[in-house]
Amino acid sequence: MTTMTAQTTQVYQLFIKATPERVWDAITKSEFTTRYFFASRIEMTDGRRRAYGPNGELWGDSAILEEDPPRRLVHEWQGLYDPDLAAETTSRVTWEIEPQDGGITKLTLIHDHLEGAPKTAESVAGGWMLVLSGLKTLLETGQPLAG
Amino acid sequence: MTDDRVFKALADPTRRFLLDRLYERDGRTLSELESELEMTRFGVMKHLRLLEDAGLVVTRRSGREKLHYLNPVPIRLIHDRWIDKYRERYVSALADLKNELEETA
């Protein structure tokens, strides 16, 4: 029997009917993130990416490693919303935004450096799927995913 | 239509086998994947290309190597579009049955 361990490099890719600029805004501005990113308010200031929960609790506070709007964003990742995850080593998230023909944008998310963070790897594997399909729905329909 | 490509890509046992191998462990090279199949390198490449065209496999370069990653998003979108809604109907049919039976009891 093989036991499934979450991958230490996770790759997610999807196509969204929206411009790269709109995709960039949706991943970097809190007026969008509150509508699809587990209701979190994401703020990017002073080289940090901070995420706040609905009651202002700090869910994430990580260094931004690269910021090249509207094409590429790289930041560290550490889940502060759960003490088990906060105790693990820092991982890394890369967002790549590439325009395609016909007003479509290809979004690739790579979550890597998860070798020292098995619980985080497990936790984000389902999480990114929800976040990304919610992001696609929000940008294409103007409505958040029902839920 | 993306859905067509995903369904077509999934409609082959070799390609499903490749997806299962990547599900177990991601980031494999062509040589690694090829070693698990009784098939020519060219044949495996062809299958991987179809999976890539359907968005089910994403390749990334790492130095001189090309690594293959399973991209779970298209299957999720198919699930949301084609499976979830039928499951909901099934669940609500059971709920209706329960209500009806309890009312007449």
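Modeller: Start with burial. A residue is buried if 20 or more other C-beta atoms lie within 10 Å of its own, and partly exposed if the count falls between that and the exposed limit of 12 or fewer. Keep in mind that this is a predicted model.

Biologist: Why is Leu138(A) called buried?

Modeller: Leu138(A) has 20 other C-beta atoms within 10 Å. The cut-off is 20 or more. Leu138(A) therefore counts as buried.

Biologist: Where is Leu138(A) found, and what does Leu138(A) touch?

Modeller: Leu138(A) is in helix H4 of chain A. Leaving out residues up to four places away in sequence, Leu138(A) touches Ala26(A), Phe32(A), Arg35(A), Tyr36(A), Gln143(A) and Pro144(A). Gln10(A) is 128 residues from Leu138(A) in sequence, and the C-alpha to C-alpha separation is 23 Å.

Biologist: What makes Leu85(A) partly exposed?

Modeller: Leu85(A) has 19 C-beta neighbours inside 10 Å. Buried needs 20 or more, and exposed needs 12 or fewer. Leu85(A) therefore counts as partly exposed.

Biologist: Which element holds Leu85(A), and with which residues is Leu85(A) in contact?

Modeller: Leu85(A) sits in helix H3 of chain A, residues 83-86. Its contacts, neighbours within four places in sequence left aside, are Gly79(A), Lys119(A), Thr120(A) and Ser123(A). Asp46(A) is 39 residues away along the chain, with 24 Å between the C-alpha atoms.

Biologist: Now helix H1 of chain A. Which residues there are buried?

Modeller: H1 covers residues 20-28 of chain A, and Val23(A), Trp24(A), Ala26(A) and Ile27(A) are buried.

Biologist: How do you know that the buried residues of H1(A) line one face?

Modeller: Look down the axis of H1(A). The buried residues fall within an arc of 165°, so they line one face of the helix. They pack against the strands E1 (10-16), E5 (72-77), E6 (91-99) and E7 (105-112) of chain A. Helices H2 (30-33) and H4 (118-141) of chain A are also among their packing partners.

Biologist: What makes chain A as compact as a globular protein of its length?

Modeller: First, the layout. Chain A has 4 helices and 7 strands. From the N terminus on, the order is β-α-α-β-β-β-β-α-β-β-α. The radius of gyration of chain A is 15 Å, close to the 15 Å that the globule rule gives for 147 residues, so chain A is as compact as a globular protein of that length. The C-alpha trace of chain A spans about 40 × 40 × 35 Å along its principal axes. Buried residues make up 28% of the 147 residues in chain A.

Biologist: How does chain B stand against a compact globule of 105 residues?

Modeller: Such a globule would have a radius of gyration near 13 Å, but chain B has 20 Å. The C-alpha trace of chain B spans about 70 × 25 × 20 Å along its principal axes. Chain B has 5 helices and 2 strands, in the order α-α-α-α-β-β-α from the N terminus on. Buried residues make up 21% of its 105 residues.

Biologist: Into which domains is chain B divided, and how far apart are their C-alpha centres?

Modeller: Domain 1 of chain B is 1-71 and domain 2 is 72-105. Their C-alpha centres lie 32 Å apart. Contact between them involves 8 residues of domain 1 of chain B and 4 residues of domain 2 of chain B. Helix H1 of chain B, residues 2-10, gives the most to the domain 1 side, with 3 residues. That side divides into 4 nonpolar, 3 polar and 1 charged.

Biologist: How many residues does each chain put into the contact between A and B?

Modeller: Chain A gives 11 residues and chain B gives 13 residues. On the chain A side, E1 and H4 each supply at least two residues. E1(A) has the largest share, 4 residues. The chain A side divides into 5 nonpolar, 6 polar and no charged.

Biologist: Which residues have the most contacts inside the largest nonpolar core?

Modeller: That core has 36 residues, and the ones with the most contacts inside it are Val23(A), Leu132(A), Leu135(A), Leu139(A), Leu51(B) and Val57(B). H4(A) gives the most to this core, with 6 residues. Residues touched by Leu139(A), not counting those up to four places away in sequence, include Ile16(A), Val23(A) and Ala26(A).

Notes
Residues are numbered from 1 along each chain as its sequence is written. Chains are lettered from A and ligands numbered from 1 in the order in which they are written. This is a predicted model: local features need pLDDT of at least 70, side-chain atom pairs count only at pLDDT 80 or more; totals for chains, interfaces and linings use all residues. The arc is that of the directions from the helix axis to the C-beta atoms. Two residues are in contact if their C-beta atoms, placed from the backbone, lie within 7 Å. Domain bounds come from an automatic or database domain assignment. Ala, Val, Leu, Ile, Met, Phe, Trp, Tyr, Cys and Pro count as nonpolar, Asp, Glu, Lys and Arg as charged, and the others, Gly among them, as polar. The radius of gyration is taken over C-alpha atoms; the globule rule is 2.2 Å times the number of residues to the power 0.38. A nonpolar core is a set of buried Ala, Val, Leu, Ile, Met, Phe, Trp, Tyr and Cys residues joined through C-beta atoms within 7 Å.
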